[in-house]
Structures are given as C-alpha cells and as structure tokens.
Amino acid sequence: MSGVVDAKLAELGLTLPEVVPPLAAYQPAVVSGVYVYTAGQLPMVEGKLPVTGKVGGEVTPEEAKELAGICALNALAAVKSVVGDLDRVARVVKVVGFVASASDFTGQPAVLNGASELLGAVFGDKGVHARSAVGVVVLPLDAPVEVEIQVELVQD
C-alpha cells in the first residue's frame with residue numbers, strides 16, 4: 001500500500017480483495033477515455049457469497065447493506081486492476097445497484113447506502129455520486145445485491 005487511497009482504506013480497516021473473476025464473457029472493469037466502468041460486482045468474499053436469497057425474505061436489510069459495501073470494495077479492486085493506483089480516481093461518478101427483493105420489499109435505497117457510504121468514507125467529497133437503486137426478482141448465483149460503479153480518472 002502506497003497511495004493516499006490505499007492509506008485511507010487501511011485506516012478504515014479495509015483491504016482490497018483479489019478481483020472477482022468474471023462469471024461469463026466480460027471483463028471486471030474497462031477504461032474508456034477518462035472513465036472506468038466496472039461490471040456488476042457481487043458481494044463475493046474469498047470466492048463465495050456469504051449469504052444468498054431475497055432482501056426482505058431470507059436476508060435482512062441490514063445484512064444487505066453490509067453486502068453492498070462488500071460489492072463496492074470489490075468494484076474498487078476491479079478499478080485498481082485496470083488503472084494500477086486508486087489515487088488516479090478523480091471522482092466516483094455513478095453507482096448502480098440491484099437488490100434481489102422480496103415482493104413487498106421497498107427499501108432498496110437504504111441497502112445501497114452500504115456502497116455509497118463506503119465510497120464516501122474512502123474518497124471523501126470525491127466519493128459523492130449519482131445513483132440508481134433497483135429492485136429485481138433474482139441476481140446471479142442468488143446474490144442479494146449487485147453493484148457497479150463508474151469513476152472518472154485524473155487527466156494526465
């Protein structure tokens with residue numbers, strides 16, 4: 001760990017995981033111009049989902065919020081894998097989150113706060129972003145939540 005962002009992660013007690021390998025035909029992150037777009041990141045921990053199921057059913061909203069933070073951490077690992085140093089991030093532009101929801105669950109925004117709050121803690125004002133929080137019937141591997149991010153890079 002050498003950069004400012006890496007130091008902030010350490011201060012928060014967070015460690016970037018290994019990049020989660022793709023589940024199909026895509027890349028975890030791609031650079032286009034001054035932007036990095038990540039694929040949807042599941043809350044994988046050491047290659048496994050810690051919990052599966054629907055939020056508001058088998059998974060509590062509090063558990064799902066924590067899982068959204070794990071998704072955001074996985075997304076940062078994907079960004080770092082293509083840019084080499086998270087200090088190159090000028091700002092987080094957008095977060096899109098999907099929440100596998102029981103039919104009567106409407107708290108998707110609160111769940112996605114787990115990702116937004118983590119990004120804010122790591123990047124400060126540069127972590128403030130636009131966001132969509134979408135409820136869905138099912139996600140890959142029966143994951144409760146999935147998050148993708150878009151970041152802008154510092155122009156050289």
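Start by selecting Glu117: this residue is partly exposed, with a relative accessible area of 44%. (Buried means under 20% relative accessible area, exposed means over 50%, and partly exposed is in between, using a 1.4 Å probe and protein chains only.) What you have open is a predicted model, where local features need pLDDT of at least 70, side-chain atom pairs count only at pLDDT 80 or more, and totals for chains, interfaces and linings use all residues. Residues are numbered from 1 along each chain as its sequence is written, and side-chain values use heavy atoms, with hydrogens and water left out.

**Stop 1: the salt bridges**

As a rule, side chains of opposite charge can pair when their charged atoms come close.

How many salt bridges does a search of the whole structure find? It finds four.

Next, select Asp6 and Lys80, whose side chains meet in a salt bridge at 3.1 Å, N to O. Asp6 sits in helix α1 (residues 4-11) and Lys80 in helix α2 (residues 61-83), so this pair ties together parts that are 74 residues apart in sequence. Is Asp6 buried or exposed? Asp6 counts as buried, at 5% relative accessibility, while Lys80 counts as partly exposed, at 25%.

Now stay in helix α1 and pick Lys8 and Glu11. Their side chains meet in a salt bridge of 3.0 Å, N to O. Both lie in α1, three residues apart, about one turn of the helix. Lys8 is partly exposed at 26% relative accessibility, and Glu11 is exposed at 61%.

**Stop 2: the nonpolar cores**

Select Leu76, Leu119, Val145 and Ile149. These have the most contacts inside the largest nonpolar core, which has 38 residues. (A nonpolar core is a set of buried Ala, Val, Leu, Ile, Met, Phe, Trp, Tyr and Cys residues joined through side-chain atoms within 4.5 Å.) The elements giving two or more residues to this core are α1, α2, β3 (89-100), α3 and β5 (145-153). Which element gives the largest share? That is α2, with 12 residues.

Zoom in on Leu119. Skipping neighbours within four places in sequence, the contacts of Leu119 include Ala72, Leu76, Val92, Val95 and Ile149. (Contact means heavy atoms within 4.5 Å.)

Then hop over to another core, which lies apart from the largest one: it has seven residues, among them Val20, Leu42, Leu49 and Ala100.

**Stop 3**

Click on Val79, in helix α2. Val79 is buried, at 0% relative accessibility. Beyond four places in sequence, Val79 is in contact with residues including Ala29, Val36, Leu86, Ile149 and Val151. For a distance check, draw a line from Val79 to Ala110: their C-alpha atoms are 24 Å apart, and the two are 31 residues apart along the chain.

Gln150 comes next, in strand β5. Gln150 is buried, with a relative accessible area of 18%. Among the contacts of Gln150 beyond four places in sequence are Tyr35, Tyr37, Val93 and Lys94.

**Stop 4**

Show the surface and colour Leu23, Tyr26 and Leu141. Together they form a nonpolar patch with about 290 Å² of accessible area. (Patches are made of residues with over 30% relative accessible area and no salt bridge; like charges are joined within 9 Å, and nonpolar side chains, meaning Val, Leu, Ile, Met, Phe, Trp and Tyr, within 5 Å. Accessible areas come from the Shrake-Rupley method with a 1.4 Å probe, and for residues only the protein chains shown count as cover.) Leu23 is in the loop between α1 and β1 (29-32), and is partly exposed at 48%.

Leu141 is in the loop between β4 (130-136) and β5. Its phi is near 60°, a positive value in a residue other than glycine. Asp142, in the loop between β4 and β5, has a positive phi as well, near 65°. Most residues other than glycine have a negative phi.

Notes
Helix = DSSP H or I, 4+ residues; strand = E, 2+ residues; numbered from the N terminus.
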